[in-house]
Amino acid sequence: MWKLKFSKSNEDEWIMQSVNNHIGRQFWEFDPHLGTKEERAQVEQVHKEFNKNRFKYKHSSDLLMRLQFEREKGLKTKLSKIEIQSEQDINEEVVRNTLKRALRSYSALQADDGFWPADYGGPLFLLPGLVIGLSVTGVLNVVLTPEHQSEMRRYLFNHQNEDGGWGLHIEGSSTMFCTALNYVTLRLLGEDIDGGEGAIQKARTWILHHGGVTYIPSWGKLWLSVLGVYEWSGMKPIPPETWLFPYFLPFHPGRMWCHSRLVYLPMSYLYGRRFVGPINTIILSLRKELYTIPYHLLNWNEAKNLCAKEDLYHPCPMIQNILWGFLHNIGEPLLMHWPCSKLREKALHYIMQHIHYEDENTNYICIGPVNKGYNGSQFWDVTFSIQAILAINLEDEYGSILKKANNFIKYSQITANSSGNLSHWYRHISKGGWPFSTADNGWPVSDCTAEGLKAAILLSNLPFETVGKPMETEQLWDAVNLILSLQNRNGGFASYELTRSYAWLEKINPTETFEDIMIDYQCVECTSSAIQGLVLFTQRYPRHRWKEIKTCIAKAANYIESIQLANGSWYGSWGICYIYGTWFGIKGLIDAGKSYQDSQSIRRGCEFLLSKQQLCGGWGESYIACQQKVYTNLEGNKSHVVNTAWAMLALIEAGQGQRDPTPLHRAAKVLINSQMENGEFPQQEITGVFNKHCTISYSAYRNIFPIWALGEYRSRVLLCPSKGSTAIA
C-alpha cells in the first residue's frame with residue numbers, strides 16, 4: 001500500500017541535497033506490508049469508484065491522502081451537515097460553527113512541517129517527459145519500481161477521454177500533443193499494443209484518424225525525436241548558438257521568461273546533438289503504430305510545419321516559416337560542418353555548463369514543470385492558509401496550526417543569492433525571496449515573496465505562545481529589497497524577474513500550444529501582491545526605505561488601473577480567470593489607499609463581479625475564459641466555491657457589506673450549504689492556469705478560500721458595527 005511521506009532526509013542525505021533539511025518535501029512510498037486487509041480493500045474501492053466516475057469527476061480530491069490521515073490521526077469523517085434554506089437563516093452563530101468545522105478538518109490535513117500537502121497536477125504533457133527521459137537513458141526500470149509504473153498507467157488510463165485521446169490537461173478535450181505522448185508513455189511502461197482493455201487501440205485510432213503523429217506540435221516532435229520515433233529533420237531548428245549572441249539583442253535567450261529559457265536550454269542541446277536513444281523492438285513497433293504511411297516514406301520536411309487543429313492555439317505567423325526555413329536550409333548545414341561546427345561545439349559546451357548550474361542551484365529540482373517537474377505549491381498555499389485562518393478571528397481554534405505554519409514560513413525563505421556571477425547565468429537576485437514550493441527549489445517569485453512577507457508580518461502580531469518566534473527584522477528587509485528590485489519601469493511586476501524584452505517577441509514564439517511564453521509579462525496578481533506586502537510592511541516599519549516604497553506603491557497602483565479591461569475586470573494570468581484577476585485588482589488598489597468612493601476602477605470592478613453573480617448566489621467561471629479571453633460561466637451555470645470566495649473577498653474589501661450586503665448573504669449561503677459532512681468543501685472544477693491555455697490544480701484552494709471568505713464575511717459584515725439595518729442579524 002502507498003503512504004505519503006514528508007521531509008525524509010536521513011539515508012538519502014548523501015544523494016539528495018537540501019538547504020533546510022527537506023522541509024516541505026512530499027512523496028509517495030510503496031510499502032508491501034502496510035495496511036490491514038480492510039484498509040487495502042478500502043483503497044481498492046476508492047480506485048474503483050474513481051475509475052467508474054472518471055468522465056464526470058476529473059479530480060482525485062486527494063482521497064488516498066485523506067484516508068491515510070484518517071487512519072493516522074483518527075479523524076471522524078462525518079458530522080451533521082448545516083443546511084441554510086434562506087439568507088434570512090444566516091447569523092453569526094451559523095457562520096462561526098461552519099468555520100469551526102472547516103478549520104478543524106483543514107488543520108487535520110496539515111503536515112508536521114507546517115504546510116498542507118495537496119495535489120498540484122492537471123497538465124498531461126509532463127509525465128511523458130519523465131518516462132521518455134528514463135527510457136532513453138536506460139534506467140526506466142531502475143528508477144521506477146513495478147508499483148510506480150502500475151500507478152502511472154492507472155493515472156493515464158483514468159484521464160483518457162471518452163474519444164480515446166488525452167487533453168492538454170485533465171479537463172481538456174483531446175489533443176495530438178498529449179494523446180501521442182501518453183500513448184507512447186503507456187507503451188514504454190509495458191502496455192501491449194492492444195492492452196488496457198481496448199484503451200490503447202482506442203488511443204491509436206484517435207491518433208491515426210487525426211493524421212498520425214506528424215501532426216504533433218513542436219514540443220512533442222522533440223520528445224519523439226529523442227525517443228527515435230520521429231526524425232530530427234522534421235523539427236523546426238532550435239539552434240544552440242543563440243546562447244552565444246550578445247546579450248543586448250532583444251531576442252537573446254537570457255531575456256526570455258525564465259520558464260521558457262530553461263525549457264529551450266536543454267532542448268537546444270538535444271537538437272544540437274541530434275540525440276536519439278537506443279532503437280529497440282518497442283521503438284520499431286511505435287514507428288509502425290503512430291503513422292498513416294510507412295515510416296521510410298514520410299516527408300519530414302513537410303511534417304516540420306504540421307500541427308493538428310486541436311492543438312493549434314497559437315498559430316505561427318509567416319515570419320516564423322521564413323525564419324525556420326532559412327535556419328533549416330542554410331544555417332544548419334553550415335553549423336554542422338567545419339569550421340562552423342566549432343561554434344556549435346562551443347555553444348553546446350556553454351549550454352551544458354548552464355544546465356549544471358541550474359541543477360546545482362536548485363538542488364536538482366529545477367525551476368518548474370516542463371524542464372524537470374515542479375515539486376508542489378507548498379509555500380504558496382501556506383501563505384493563503386495563514387491569511388484565511390487569521391480572517392476567522394477565533395483564537396481558541398488555532399491550536400498549533402499557526403505555530404507550525406510560522407516555522408514553515410521562516411525555514412522556506414531563500415537566504416542567499418545563487419552562486420557565481422548572476423548576470424553570466426541571467427539570474428536575478430534571490431536573497432530574501434520566497435519560492436512557490438520549497439526553499440530547495442531556489443527560485444524566488446515576486447508574488448510568493450510578497451504574500452510571504454504579509455504572512456510573516458501578520459504572524460508577528462500574535463503572541464509568542466500562539467505562533468512562536470517571529471522572523472528576524474533583517475529577513476523582512478531582505479524580502480522588501482527583493483520586491484523593490486522587481487518593479488518594472490511601468491510600475492508592474494512580473495513573476496520571477498524583471499521583464500527583459502518586448503512583447504513583439506511573441507511573433508517568434510515557436511510553440512503552437514501556449515501563448516505569452518517569450519517574456520516575463522507583468523500581471524495584476526503579482527503587482528497587487530507587491531502592493532499588499534509593502535503596505536503591511538510600512539505599517540510595521542514606517543521609516544525603512546519609505547520614499548522608495550511609497551513611489552513603488554503609487555506606480556504599481558497606476559499600472560493596475562492602466563490594465564483594467566473595458567468591462568471593469570482584470571484578466572487573471574494564474575487563476576481562473578476574470579474573477580481571480582478582479583479580486584487582486586480591487587485588493588491592490590484599496591491597499592494602495594484608494595476606495596470605492598473615490599476610485600472609478602474599484603467601482604467598475606465591483607460592478608463587473610456583481611453582474612456575474614448567478615441566480616443561486618454563487619459565481620462559477622470556466623477555464624475556457626482564459627483561452628478565449630471572454631468571461632465564460634461553468635457549464636450549466638454552476639457555482640464554484642473557490643470562484644464564489646474570490647468574488648466575496650473582493651466585494652467585502654470594497655465595502656459591499658456597508659452599501660448592500662444582500663449579494664454577500666446570497667454568496668455566503670452557497671458556501672455554507674456546500675460544506676460537506678466532514679467539514680471540508682468539495683473539490684470542483686480546476687482553478688489554476690498558465691500561459692492562457694493550460695490549467696493546473698490547486699487542490700488546497702477548495703478549503704482555503706471558502707474559509708477565508710466566510711471569515712471576512714463574519715468579521716466585516718455580520719459583526720461590523722456600521723452594518724446598519726440592512727445586514728442580517
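E92 is buried, with 18% relative accessible area (buried means under 20%, exposed over 50%, and partly exposed in between, with a 1.4 Å probe and protein chains only). This is a predicted model, in which local features need pLDDT of at least 70 and side-chain atom pairs count only at pLDDT 80 or more, while totals for chains, interfaces and linings use all residues. Residues are numbered from 1 along each chain as its sequence is written, and side-chain values use heavy atoms, with hydrogens and water left out.

E92 has a partner: its side chain meets that of R96 in a salt bridge, at 2.8 Å from N to O (a side-chain nitrogen of Lys or Arg within 4 Å of a carboxyl oxygen of Asp or Glu). The two sit 4 residues apart in helix α3, so about one helical turn separates them (helices are DSSP runs of H or I with at least four residues, strands are runs of E with at least two, and both are numbered from the N terminus). R96, for its part, is partly exposed at 22%.

The structure holds 35 salt bridges. One of them joins the side chains of R274 and E332, again at 2.8 Å, N to O. This pair links distant parts of the chain, 58 residues apart, with R274 in the loop between α10 and α11 (281-289) and E332 in helix α13 (residues 318-335). R274 is partly exposed at 22%, whereas E332 is buried at 4%.

Then there is D516, which forms a salt bridge with K692, their closest N and O atoms being 2.5 Å apart. D516 lies in the loop between α19 (473-485) and α20 (524-540), and K692 in the loop between β5 (688-690) and β6 (694-696), so the bridge ties together parts 176 residues apart in sequence. D516 counts as partly exposed at 21%, and K692 is buried at 15%. Elsewhere, K587, D591, E653, E712 and R716 are linked in a salt-bridge network.

On the surface, F245, F251, Y502 and W504 form a nonpolar patch with about 430 Å² of accessible area together. Patch residues have over 30% relative accessible area and no salt bridge; like charges are joined within 9 Å, and nonpolar side chains (Val, Leu, Ile, Met, Phe, Trp, Tyr) within 5 Å. Areas come from the Shrake-Rupley method with a 1.4 Å probe, and for residues only the protein chains shown count as cover. F251 lies in the loop between α9 (218-227) and α10 (258-273) and is partly exposed at 39%.
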